[in-house]
Amino acid sequence: MVAACYHHPWFSVAPMMEWTDNHYRTMARLISKHAWLYTEMIAAETIVYQKGNLDRFLEFGPEQHPIVLQIGGNNLENIAKATQLAKPYGYDEINFNCGCPSPKVAGHGCFGVRLMLDPKFVAEAMSVIAANTDVPVSVKCRIGVDDHDSYNELCDFIYKVSSQSPTKHFIVHSRKALLNGISPAENRTIPPLKYEYYYALVRDFPDLRFTINGGINTIDEVNAAIKEGAHGVMVGRSAYHNPWNLLGNVDSTIYGAPPSNLTRRQVLEKYQVYGDSVLGKYGQRPNVREVIRPLLGLFHSEPGNGRWKRKADAAFMHCTTIKSFFEETLVAIPDSVLDSPVAEALPGRTDMFANSKNLLPQPFIVREEELLYA
């Protein structure tokens, strides 16, 4: 399958370590047909060293298209091999991680967001990825790292990577990363969001595509970003913690599809078939708890949600099938909740990006030595 036959990626769900696994993506696709889904970041080394066990890391159901594989790494040979090994799985795009601030990754791993300080290497990595796949390639990055956070330094990174490799799509988390002294969670909240940097990139690189990421939590906010000129919007945690309301409104509100009238009960019936088919596929894993985990936000703020979670905790101790788990726990949720279609999207800020245009930095001008360098 080629990416071209899918809808434009106006909306995508961010790659989140230990969250956007096969189970989550299966559930997400049951709710939204059009959202673009990303894998968790998979290290190139993992793919290379697990060569005999690749299904466990790379396999996905055909219904998950459009789906993007995100890889991380800092060794060109392994990046090339990993891309080759992933090719038969038929992902729709390969994305390279230059945004993860986790100490494990950016610290001794020396990849993730630290690579923003080495655009020449990133361009080489992207060229290697593109040479080993026949689908589009993209980079996910931040707007800066530590003190390297001027708009010009960000442009320098984008310019070098795009002019020295086939990269034409950048997903930009609109805050910088701080590598020392704060946790990955704090890196999502402490550095301020600078949406003006994102919109300046859209202005200064008209031949590239930019997806905006960071701090966007509702459908209203997604639409506000697009209205302001974003080429696409990536949402992370709210698509995980409240999938029903958020993903349930993507197809109709962002893509203009007719309302699906889907109910949570229908989603759970299909998910049960999937869940019971994968339990114990790799020895003891996945277990009931792992398969159910993505569903824990499905009844977000609905009557019965607290009781359902308490029942779930108890059921994890002894249920050996998804069917028996549902039989034991779903009695906590009223039929009216299970059988009603998706409600209107939760309201969000529609003026979130209005000020960005007033704060735009000076346009980026490529210096002559950079033209020579390119």
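**Exercise 1.** Which residues is K176 in contact with, leaving aside its neighbours within four places in sequence?

*Solution.* The model is predicted: local features need pLDDT of at least 70, side-chain atom pairs count only at pLDDT 80 or more, and totals for chains, interfaces and linings use all residues. Residues are numbered from 1 along each chain as its sequence is written, and side-chain values use heavy atoms, with hydrogens and water left out.

Step 1. Locate K176: the residue sits in the loop between β6 (169-173) and α8 (195-204). Helices (H or I, at least four residues) and strands (E, at least two) are DSSP runs, numbered from the N terminus.

Step 2. List the contacts, meaning heavy atoms within 4.5 Å. For K176 they are R142, I143, G144, V145, D146, D149, N187 and P191.

Step 3. Pick out polar contacts (a pair of N or O atoms within 3.5 Å; within protein, one must be able to donate a hydrogen and the other to accept it, and residues adjacent in sequence count only if both atoms are side-chain atoms). The K176 side chain reaches the backbone oxygen of D146 at 2.9 Å, and a polar contact of 2.9 Å links it to the side chain of D149.

**Exercise 2.** Determine whether P15, M16 and C100 are buried or exposed.

*Solution.* Step 1. Apply the cut-offs: buried is under 20% relative accessible area, exposed over 50%, partly exposed in between (1.4 Å probe, protein chains only).

Step 1. P15 lies in the loop between β1 (11-13) and α1 (22-31), and M16 is placed in the loop between β1 and α1. P15 counts as buried because its relative accessible area is 14%; M16 is buried at 3%.

Step 2. Not counting residues up to four places away in sequence, P15 touches T20, Y38, T39, Q70, K140 and M234. On that basis M16 touches E40, G236, R237 and Y240. An unreviewed UniProt entry lists "binding site" positions, among them P15, M16, Q70, K140, G236 and R237. UniProt positions follow the numbering used here, feature names are shortened, and annotations may be inferred rather than shown by experiment.

Step 3. C100, marked "active site" in the unreviewed UniProt entry, lies in the loop between β4 (93-98) and α5 (103-107). C100 is buried, at 13%.
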